[in-house]
Amino acid sequence: MTGPDRRSVLKALVATLAALSVGGLDSPVAAASASESWTTQTLEAFADTLIPGQRRFPGDVVVAGAVTGPGAVQAGAIGLLASPELPVAPLLPAIAALLDARAVAYAALRLIWLPPTRPPFVGLSFADRTALVGGLFDPDDLDRPIWQVMSLLVGLAFDTAGQQDTVEALGQGHPGLAWLRFPEPDPDGLWRFPDFSYGRPLAVPHPNTTASGSPA
Amino acid sequence: MTVQTTDVLVIGSGFGGAIPAYYLAAGGARVTVLERGPRAAAADFTHSMRLGTYNKIVDVIQGDGVAVVAGNCVGGGSVVYFAASLRAPSFVFERHGSLGRRLWPAALTRAALDPWYDRVEEALPVTRTDWPDVSYAGGVLAAACRRAGHTCNPVPVAVDTSACTNCNWMLSGCRFDAKRSLLLNYLPAAEAHGADIRPLHEAQTVTPSPLSGYRYAVGYTVLDPDDYSCTAQAGVIHAKVVVVAAGAVGTPVILQRSALLLGGIPAAVGRYFSGNGDRVSVADIVEDKARTLLGLSRPDGSAYLGLPVGRPITAATYDHLDPTAPEYSRFTLQQIYFPPLTNLLAQAAGSPAWFGVEKRNMRARWRSWLTLLAMTEDDNEGTFGVVPLTGSFTRLAPGLGQGTMTYHPTSRTRGAWDRADTALRDILEKDGLSRVRPWSEGVADTVTAHPLGSARIGDDPATSALTDGHELRGHSGLFVTDGAAVPTSLTVNPSLTIAALAERSVATIVTRTADAGVALRRGVPLPGR
Ligand SMILES: Cc1cc2nc3c(=O)[nH]c(=O)nc-3n(C[C@H](O)[C@H](O)[C@H](O)COP(=O)(O)OP(=O)(O)OC[C@H]3O[C@@H](n4cnc5c(N)ncnc54)[C@H](O)[C@@H]3O)c2cc1C
């Protein structure tokens, strides 16, 4: 992808989103060329680089399998990114294409061979995906805001099950919340912690404290 | 379009707006409050992190170098905040900053503000807490402080602790009405006296009014409740007095947009923005050490594992608030809890620091994290740039906006952060109790929930936008009473100071309103009294 195209993706994320209503977008950016499955594969690999998980099936190349147990893909990152409540959904093909363009550049510089049957980012090893993603956050990288938003959303999928009601997500054993060991609610779906305090003095308060408990 | 009029028009319903709205309405003025966000109450506040719930009432506004978290609903930040209610230490009012002379108005000292602090503490009211109110997380900080030779205090809160279930969902609003937000005191009292609060009304401009007897005309748009970036209709209200209280990232933008129409505004509007010197870290507590070094244990047999349990803020150390120490070296260290929305930002060991395998491993120890907030003396180095078309920022999605503020910390601010980081490590890494993990600036820059100072009070017209009576210089009857007016970072959470300053500002607003021919009762009691 060339410079102006990337800027238009950034602009699309930053400026025109204000004008989007839920559901419909008919912009040139949305019509970017990559096929849906390439988009999904690229974004899954991106999410898996941020919060890695185990392969979903033998021979899974999208999820790199850097660990055992769940990662962002298992936690539903793609579902969240594509959620109709978020205006990024229509931009995903362009964002995936941008990441793939970065992967091509990364590989070319290092003489890494990329298999033509997969999206370029997916063709990179886990170590190379990690190095590439780290570089996206250089303070003067033009596209940094895109990756900031994308990372935030991937994190929300894993750490908060943001695509779902929390009680429901816990009930279904959401892999991210389970990984954190997020506490269970009371039967009415609300949280209360009757045991919450050691209940005894643990330090000496500052001698200059006001009657209300503020610094004097 | 019908021409609407009011005596006093208030923009924003947080601390800065609710307090004058109450006193002016109770005094007999016609008061209209425009609030950009929706109206919600206990039954609407859900325990859920599903997108589309909490992010309807709280915004993250990403600027260049800083991200601000702020309330977006009737009651403003008070609805989503953590209710730590602290007075600023005396030395704060004597600060010189990098200008080299006192920044607060001569009339303002801690002693001068104390009577106003008293009032707010009574009105909300604020509860003085004790050790049984301190969560496990606060307890770990306290015990670590003691072990490192420091004091530590339970933190006073605007919470009815007998009704609080320690659910730790304060960011979503209080489902149990234990949090003493403005929805329970100043705002209903204002409405009882006839104030007209209009949710989903976003003020855009303040201009001179052509109507005789009215000074200003405020233009607004009405927002769609399902998509705040859509506008249903627009209108104008003429007022005798205007109070701008849209918060420290909202107020300067409204004034900047209005600058030409108002015939110019002070150069200090949109400058000297402060993030309150906020600096967040995570300490990854070693469970065994919490037991052996601190002697802690819980009924379930664990020593800590208590991150999600309790109220978000329960304990803090005031040991680094020495009034005789040089500027940029004083700070409060406070225990704080954020929902896992922010997990991304904590750094793990090794490289890469904030994502990848190590970071995932660190997440598995999430219950052992202890999140900490340092509030330091920053340099008011933030500025506001090109004004967005509408509102205070460009809305990207519910709860997410792109702001126009720039914040690049100076070496003085960085030095202040370093000192706080070092003190935190001395307390929490002693004998291997934990590893302290800083926040990842690479992903979200500096994050603050305490924006201040973008239209500050002061005596020097060159460096302050407002007189010490909170009136915009050169614009009689136009006031700013929110966090924007606070001249420096405070080394403590700011809401009580914003509220006390708003209480204090009422006298001048009342005088201007009376000057405009509105007969007002004096000596209005605290709300609910
Ligand atoms: C998650 C969180 C936790 C916090 N915890 C604490 C704490 O424990 N202790 C503490 O002291 N402080 C805390 N704070 C900070 C505190 O909430 C703020 O300092 C305080 O609310 C600021 O008051 P304000 O009146 O300046 O602005 P706000 O409370 O932000 O009110 C401004 C209001 O104006 C509205 N508005 C903005 N633009 C417009 C417009 N154009 N037209 C109409 N309305 C508009 C906004 O929607 C908002 O309701 C916390 C903040 C957050 C977000």
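Predicted model: local features only at pLDDT ≥ 70, side-chain atom pairs only at ≥ 80, totals over all residues.
**View 1. Surroundings of the ligand.** The ligand is surrounded by 38 residues, of which B:Glu35, B:Gly77, B:Ala84, B:Gly483 and B:Ser495 are the closest. A polar backbone atom of B:Arg36 lies 3.0 Å from a nitrogen atom of the ligand.

**View 2. Helices α4 and α7 of chain A.** Helix α4 (residues 92-110) and helix α7 (residues 144-160) of chain A have axes that come within 12 Å and cross at roughly 115°. This angle makes α4(A) roughly perpendicular to α7(A). The crossing is left-handed. From α4(A), A:Leu92, A:Ile95, A:Leu98 and A:Leu99 meet A:Ile146, A:Trp147 and A:Met150 of α7(A). By class, the contact of α4(A) with α7(A) comprises 7 nonpolar residues, with no polar and no charged ones.

**View 3. Helices α4 and α6 of chain A.** The axes of α4(A) and helix α6 (residues 126-135) of chain A are 11 Å apart, and the two helices pack at an angle of about 115°. The angle makes α4(A) roughly perpendicular to α6(A). Here the crossing of α4(A) and α6(A) is right-handed. The contact involves A:Leu99, A:Arg102, A:Ala103 and A:Tyr106 on α4(A), and A:Asp128, A:Ala131, A:Leu132 and A:Gly135 on α6(A). These residues divide into 5 nonpolar, 1 polar and 2 charged.

How values were computed: Residues numbered from 1 in each chain as written. Chains lettered and ligands numbered in written order. Heavy atoms only, no water. Axes fitted to C-alpha atoms, helices over the stretch in contact; angles between N-to-C directions. Helix = DSSP H or I, 4+ residues; strand = E, 2+ residues; numbered from the N terminus. Parallel < 35°, antiparallel > 145°, perpendicular 65-115°, else oblique. Left-handed = near helix turned anticlockwise from the far one by under 90°. Contact = heavy atoms within 4.5 Å. Nonpolar A, V, L, I, M, F, W, Y, C, P; charged D, E, K, R; others polar. Near = heavy atom within 4 Å. Polar contact = N/O pair within 3.5 Å; in protein donor to acceptor, adjacent residues only side chain to side chain.
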